[in-house]
Amino acid sequence: MTAKFDMSDDSVVVIVGSGAGGGTLANELAQKGIKVVLLEAGARNEIEDFVNNEWESFSNISWLDKRTTSGSWRVAKDFPNLPAWIVKSVGGSTVHWAGASLRFQEHEFKVRTTYGELAGANLLDWPITLAEMEPYYDRAEDKMGVTGTHDIPRLPGNNNFKVLSAGAKQIGFCFQGCKSGAKWSTLYTEIPKGEATGNLEVRPNSQVLKIEHNDKGLVTGVVYADKQGQQQRQKARIVAVAGNSIESPRLLLNSASSKFPDGLANSSGQVGKNYMRHTTGSVYGIFEKPVHMYRGTTMAGIVRDEAVFKPDRGFVGGFELETLSLGVPFMAAFLDPGAWGPDFTSAMDAYSHMAGMWIVGEDMPQETNRITLHATEKDAFGLPIPDVHFDDHANDTAMRNYAFKQGSAIYDAVGATRTIHTPPYPSTHNLGTNRMSEKAQDGVVNKHGQTHDIPNLFVSDGSQFTSGAAENPTLTIVALAIRQSEYIADQMSKKTI
């Protein structure tokens with residue numbers, strides 16, 4: 001039973017964004033009997049609407065609103081208006097993800113303590129520990145159907161898996177099989193379950209423009225543009241922001257007022273800062289015999305041996321090597337953007353003989369890597385668009401170069417005739433920008449994702465990450481949302497918010 005709540009109903013929880021954080025939080029609250037209005041900027045595309053064509057699908061579901069880039073990262077040159085590759089559709093980026101679902105390690109919640117002071121890095125320990133997160137990781141894995149956990153069998157390995165596995169064993173790495181589920185998405189799991197309770201209303205094509213507050217500094221609702229571009233006002237008891245690490249800080253900054261001249265929840269000045277995207281890159285190996293890496297599961301296996309704290313490698317933090325496959329159109333676009341000539345065309349000619357892996361490593365949070373409001377450029381609603389500034393930290397560069405060598409060594413060990421190093425794509429893991437902190441002066445939200453400044457304003461996506469860790473972020477986002485739902489329900493029952 002789909003709910004329909006009145007615009008003036010100030011008892012509802014309004015959630016902005018329907019991805020891993022927002023979609024999960026919406027269902028968890030609805031299951032507890034709490035009324036929720038879920039606002040999604042994109043359309044509601046169901047499974048039958050999806051197409052098996054990379055470029056067409058990209059155009060249909062991606063967030064393509066204009067953004068600008070700055071900084072020395074190569075993405076600013078290759079894709080100046082596409083700093084991130086995320087989804088604008090009900091389900092958010094869980095509609096288009098590889099399925100890797102890994103827990104953070106204990107030391108990754110304590111990066112300042114473990115790594116020490118690192119010049120140029122704004123390191124901070126999380127205000128939570130792995131021990132606190134473990135029961136929520138359990139629930140998230142069970143909810144998402146993560147293979148290899150809770151007696152869920154692993155998926156069969158494809159050829160891409162077999163090449164990586166054989167090469168990893170040759171050079172002494174152990175190999176971890178597929179940890180992806182059956183492509184869990186909030187679109188067809190969390191959201192329909194929440195709607196079935198009668199406590200959840202989903203409003204697609206509803207882009208939130210501003211969060212409003214009263215004289216006491218408590219949020220009172222949101223203003224959003226509907227499908228026709230008309231502005232609507234939804235009242236709320238609580239607002240949770242889950243629009244990804246670019247749009248979430250942008251919304252807080254665009255909600256500035258005379259009471260909060262620097263934006264909402266920004267007394268620390270940290271909103272938009274400490275943007276992380278993981279240290280990434282890809283390695284492709286070309287072999288004499290066909291591999292057909294595109295057949296079977298994309299995220300078929302992961303090498304985790306390098307996801308450790310081992311500073312004698314020349315950097316702190318760790319990285320993983322994960323099987324990866326791109327279709328021909330995306331391979332042509334991302335293999336070496338702007339390239340042409342014999343090296344490029346011969347690589348494309350060998351597509352069916354390629355195996356691929358993706359580097360996912362912990363990049364360092366830096367205050368200068370940030371989301372800011374563009375000084376002159378506006379969106380269709382007259383609001384400043386976001387500028388995404390990013391420079392690699394020296395630690396990031398050292399890690400990537402080392403990972404390239406290790407990736408090549410794996411393929412060389414099993415007879416690759418050629419290996420190719422591919423630069424980072426537009427960001428798919430967008431983290432930080434509204435980070436958790438023990439002290440209000442150091443971040444934006446507390447250990448529950450509740451903003452330090454405004455008790456009935458929450459952040460529920462990857463922007464609350466204090467650091468990035470070496471693992472893909474989705475499992476942790478879901479676990480945090482489950483945990484956050486319990487805290488919100490408890491605080492509502494106590495009438496503290």
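Trainee: Which ring does the charged end of K88 sit over?

Mentor: That of W63, and the charged end is 4.7 Å from the ring centre. Keep in mind that this is a predicted model.

Trainee: And what does R277 lie over?

Mentor: The face of F390, at 5.8 Å from the ring centre.

Trainee: Now ring against ring. How many aromatic pairs does the structure hold?

Mentor: There are 20 aromatic pairs. One of them is F109 with W126, where the centres are 5.3 Å apart and the planes stand at 75 degrees, which makes the pair edge-to-face.

Trainee: Why does that pair tie together parts that are apart in sequence?

Mentor: Because F109 is in the loop between α3 (75–78) and α4 (111–115), while W126 is in the loop between α4 and α5 (130–144); the parts are 17 residues apart in sequence.

Trainee: Are F109 and W126 buried or exposed?

Mentor: Both F109 and W126 are buried.

Trainee: Which residues do ring pairs link into a cluster?

Mentor: F79, W85, F330, F334 and Y425.

Trainee: Switching to strands. Where do the side chains of β1 point?

Mentor: β1 covers residues 13–16. V13 and I15 point one way, V14 and V16 point the other way, and all of them are buried.

Trainee: How does the chain cross from β1 to β2?

Mentor: Through helix α1 (residues 20–31), in a β-α-β crossover that is right-handed.

Trainee: Last topic, helix α10. Which of its residues are buried?

Mentor: In α10 (residues 342–349), F344, A347 and M348 are buried. Looking down the axis of α10, the buried residues fall within an arc of 95 degrees, so they line one face of the helix.

Trainee: Why would residues three or four places apart point the same way?

Mentor: An α-helix has 3.6 residues a turn, so such residues end up pointing the same way.

Trainee: What does the face of α10 turned away from the buried side carry?

Mentor: The exposed residues P342 and D349.

Trainee: And what covers the buried residues of α10?

Mentor: The cover includes β10 (279–286), α9 (328–334), β13 (354–361) and β16 (418–422).

Conventions. Residues are numbered from 1 along each chain as its sequence is written. This is a predicted model: local features need pLDDT of at least 70, side-chain atom pairs count only at pLDDT 80 or more; totals for chains, interfaces and linings use all residues. Side-chain values use heavy atoms; hydrogens and water are left out. Buried means under 20% relative accessible area, exposed over 50%, partly exposed in between (1.4 Å probe, protein chains only). Helices (H or I, at least four residues) and strands (E, at least two) are DSSP runs, numbered from the N terminus. A crossover is right-handed if, with the strands pointing away from the viewer, the path from the first strand over the helix to the second runs clockwise. Rings of Phe, Tyr and Trp (its six-membered ring) pair if their centres lie within 6.5 Å; planes under 30 degrees apart count as stacked, over 60 as edge-to-face and the rest as tilted. A charge sits over a ring if NZ of Lys or CZ of Arg is within 6 Å of the ring centre and within 35 degrees of the ring normal. The arc is that of the directions from the helix axis to the C-beta atoms. Contact means heavy atoms within 4.5 Å.
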